Amino acid sequence: MTDVILHIYDVTNSGSDKTNNTIMQINKIFKDGIGVGGIFHSAVQLYGDEEWSFGFCEHGSGVFSCPSGKNPMYTYRECIVLGKTNFSIFKVNQILRELSREWPGSSYDLLSRNCNHFCDELCERLGVPKLPGWVNRFANAGDAAMEVAGTTALRLRQARTEIVSASKVAYRFLLGVANNGNGNSNGPVPDSPSNLIRGTPRVQATWFKNLITTGAKPSSSSDTENNEGDTPSTTGAKSIRSPTATESTS
């Protein structure tokens, strides 16, 4: 049994003193001031003086270790004891090897797969509580916003496709009405579709053709009164594929 310790840093590796100072001010206001969150790097320490985290690299595993609380890329903030794990050092090393294969550096994403997500998964496998919500709140909020935007765009594309398809069906129907009207010298039969649609069929057919090609609206009130449609209901789904990679040592 050993303590599982979370080390938290302010992210100050931008290469610009101005940007780094801005991040420090953001963290001071949003974390220290109102307790919402900020922009942080995290790492997990257990069994020894090394901390484990995750970062971007083009080849190999993104999982790496360094002396606890001494990552030179960031500014150290604080540590939190998350709990104790009952796993032996042998089992912990096995978990770290598995994560090294499952977390290639090329899969790093600032919003959806960053160092804090890695520490969350490591803590879950160790059987201790996950990171406090404020550590990764900004990334989670950004990821949720991106997902909503993507789903909305998908639904709009699906709705547009269904509207165009329905318009094409109506256009073909009205062309048929026009052709039947031209071939019937006695006029249309009562209760037929051509009696239920005001205005000449050729005018209606022209409007539907314009709708398909340019999205034009009816140009007269008589056209508007006699067009009915259903609002399509669509759903979007998002699938996630877990990446794989060979393990590398750092």
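**A covered helix and its setting**

A: The expected span is 1.5 Å times one less than the number of residues. Helices (H or I, at least four residues) and strands (E, at least two) are DSSP runs, numbered from the N terminus. The model is predicted: local features need pLDDT of at least 70 and side-chain atom pairs count only at pLDDT 80 or more, while totals for chains, interfaces and linings use all residues. Residues are numbered from 1 along each chain as its sequence is written, and side-chain values use heavy atoms, with hydrogens and water left out.

Helix α3 is mostly covered, with nine of its twelve residues buried. Buried means under 20% relative accessible area, exposed over 50%, and partly exposed in between (1.4 Å probe, protein chains only). Among the buried residues of α3 are the cysteines Cys 115, Cys 119 and Cys 123. Also buried there are Phe 118, Leu 122 and Leu 126, together with Asn 116, His 117 and Asp 120.

Helix α2 covers residues 89-102, and its 14 residues reach 20 Å from the first C-alpha to the last, close to the 20 Å expected. Its buried residues are Val 92, Ile 95, Leu 96, Leu 99 and Ser 100. Seen down the axis of α2, these residues fall within an arc of 140°, so they line one face of the helix. The arc is that of the directions from the helix axis to the C-beta atoms.

Helix α1 (residues 17-33) also deserves a look. Its 17 residues should span 24 Å at 1.5 Å a residue, and the 22 Å between its end C-alpha atoms agrees with this. Asn 20, Ile 23, Asn 27 and Lys 31 are buried in α1, and what covers the buried residues of this helix includes β1 (2-10), β2 (40-45) and β5 (75-85). Ile 29, in α1, is partly exposed, with a relative accessible area of 48%. After α1 comes Gly 35, with a positive phi near 70°.

As for the whole chain, there are seven helices and five strands. Buried residues account for 30% of its 250 residues.

How values were computed:
Contact = heavy atoms within 4.5 Å.
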